[in-house]
Amino acid sequence: MHYLTEVLVALVAILHFLFLILEMFLWQTPYGRRTFGMTADAAAQTAVWAKNQGFYNGILAAGLVWSFFIPDPHFQAALRTYLLISIVAAGIYGALTAKSSILYIQALPAFLALIAVYFYNIL
């Protein structure tokens with residue numbers, strides 16, 4: 001269970017670093033516009049918001065990466081739990097307000113990692 005937990009937490013961290021890249025650097029590119037179904041004008045008008053959102057995704061990813069270097073298992077689990085619950089909540093909110101696929105792309109992997117963290121720390 002330990003390795004599964006580590007892999008799932010790492011996957012969520014990688015996803016959020018990818019979200020950072022997409023939102024901060026690729027937002028106005030053809031790939032970014034196609035990913036979010038936007039016109040060039042819409043992407044230009046929302047670019048600052050996207051950069052801000054990408055920065056927050058980077059903070060979440062950095063926190064998860066940091067958790068790999070925490071020797072205290074209780075603090076590590078608490079940090080991971082907080083970050084993963086935050087990601088699940090943001091994913092649910094995004095699915096309800098922006099695009100339903102966010103539920104599967106963002107919230108589901110974080111939820112699976114959260115379950116793994118929980119079970120690894122109680123078993």
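1. Let's start with the inside of this predicted model. The largest nonpolar core has 18 residues. Among those members, Val9, Val12, Leu64, Leu84, Ile87, Ala110 and Ala113 touch the most others in the core, so they are handy ones to click on when you go looking for "buried", meaning under 20% relative accessible area.

2. Where does this core come from? Helix H1 (2-24), helix H3 (40-67), helix H4 (73-97) and helix H5 (102-122) are the elements that each give two or more residues to it. H4 gives the most, with six residues.

3. Now zoom in on Ile87. Leaving out residues up to four places away in sequence, Ile87 touches Val12, His16, Leu60, Leu64, Gln106 and Ala110. Val12, Leu64 and Ala110 are also on the list of core residues that touch the most other members.

4. Next, the largest pocket. Its volume is about 760 Å³, and 27 residues line it. Which of them lie nearest its centre? Those are Glu23, Phe36, Gln53, Ile102 and Gln106.

5. Which elements build the lining? H1, helix H2 (30-36), H3, H4 and H5 each give two or more residues to it. H3 supplies the largest share, nine residues.

6. Last, the make-up of that lining: 15 residues are nonpolar, ten are polar and two are charged.

Conventions
Residues numbered from 1 in each chain as written. Predicted model: local features only at pLDDT ≥ 70, side-chain atom pairs only at ≥ 80, totals over all residues. Heavy atoms only, no water. Core = buried A, V, L, I, M, F, W, Y, C linked by side-chain atoms within 4.5 Å. Buried < 20%, exposed > 50% of the residue type's maximum accessible area, 1.4 Å probe, protein only. Helix = DSSP H or I, 4+ residues; strand = E, 2+ residues; numbered from the N terminus. Contact = heavy atoms within 4.5 Å. 1 Å grid on protein atoms, 1.4 Å probe; cavity = no way out; pocket = protein on both sides within 12 Å on 5 of 7 lines; lining within 4 Å. Points joined across faces, edges and corners; volume = space filled by probe spheres on them. Nonpolar A, V, L, I, M, F, W, Y, C, P; charged D, E, K, R; others polar.
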